[in-house]
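Subject: Handing over a structure, with notes

Dear colleague,

I am passing a structure on to you, and below it you will find notes on what was found. Please read them with the structure open beside you.

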Amino acid sequence: MADPVEADPVVADGTGRLAVRYFAGARAAAGTREETVAADPGAPLAEVLDRLAATRPALARVLPACSFLLDGTAARREDQVGAATGLDVLPPFSGG
């Protein structure tokens with residue numbers, strides 16, 4: 001499991017730190033529950049997702065069907081990361 005995000009989420013190079021949590025099928029595809037990545041606050045979420053998927057073919061197949069939360073608020077791929085410190089990756093759920 002990745003290190004928790006520090007209280008000050010700014011990395012020395014000026015980017016932010018984003019704790020990425022994967023759920024259900026996204027967790028299986030990513031091969032981890034959580035990781036911390038650098039993220040430019042002005043970047044669209046899609047840029048972060050593309051980097052996450054770049055070396056994980058299974059995750060790249062799952063991400064198009066997922067929903068995303070930035071600090072608990074629904075986010076789309078074109079939304080900016082902003083000051084968020086957490087990203088939840090949620091695949092479609094079913095059940096009853």
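Two strands are said to pair if DSSP finds at least two bridges between them.

Before going further, please note that this is a predicted model, in which local features need pLDDT of at least 70 and side-chain atom pairs count only at pLDDT 80 or more, while totals for chains, interfaces and linings use all residues. Residues are numbered from 1 along each chain as its sequence is written, and side-chain values use heavy atoms, with hydrogens and water left out.

The chain as a whole

The chain has 3 helices and 5 strands, and along the sequence they follow the pattern β-α-β-α-α-β-β-β. Of its 96 residues, 35% count as buried, a word used here for a relative accessible area under 20%, with exposed for over 50% and partly exposed for values in between (1.4 Å probe, protein chains only). The accessible surface of the chain comes to about 5400 Å², and 53% of that surface belongs to carbon and sulfur atoms; accessible areas come from the Shrake-Rupley method with a 1.4 Å probe, and for residues only the protein chains shown count as cover. Among the contacts (heavy atoms within 4.5 Å) with a separation of 6 or more, 53% are accounted for by residues 24 or more positions apart.

The 5 strands form an open sheet in the order 2-1-5-3-4, with mixed pairing. Strand 2 and strand 4 are the edge strands, each pairing on one side only. Neighbouring strands of this sheet are turned by 30° against each other on average, with direction ignored; axes are lines fitted to C-alpha atoms, for helices over the stretch in contact, and angles run from 0 to 180 degrees between N-to-C directions.

Strand 1 (residues 16–22) is mostly covered, since 5 of its 7 residues are buried. Towards strand 2, G16 stands opposite A39, and L18 stands opposite V37. Strand 1 is also joined to strand 5 (residues 86–90) by 4 bridges, and these two strands run parallel.

Which residues of helix 2 (residues 45–53) are buried? They are L45, V48, L49, L52 and A53. These residues lie on the same side of helix 2 because they cover an arc of only 130° around the axis, the arc being that of the directions from the helix axis to the C-beta atoms. The buried residues of helix 2 pack against strand 1, strand 2, helix 3 (57–62), strand 3 (67–70), strand 4 (73–75) and strand 5.

E35 has its place in strand 2 and is buried, with a relative accessible area of 15%. Its side chain makes a polar contact with the side chain of Y22 at 2.6 Å; a polar contact is a pair of N or O atoms within 3.5 Å, where within protein one must be able to donate a hydrogen and the other to accept it, and residues adjacent in sequence count only if both atoms are side-chain atoms.

D88 is found in strand 5 and is likewise buried, with a relative accessible area of 11%. R21 stands opposite D88, and the side chains of D88 and R21 are joined by a polar contact of 2.8 Å. Leaving aside neighbours within four places in sequence, D88 is in contact with R21, F23, S67, F68 and L69.

Most residues other than glycine have a negative phi, which is the background for the last two residues. A24, in helix 1 (residues 24–30), has a positive phi of about 50° although it is not a glycine, and at 44% relative accessibility A24 counts as partly exposed. D71, in the loop between strand 3 and strand 4, has a positive phi near 50°, and D71 is partly exposed with a relative accessible area of 44%.

With best wishes
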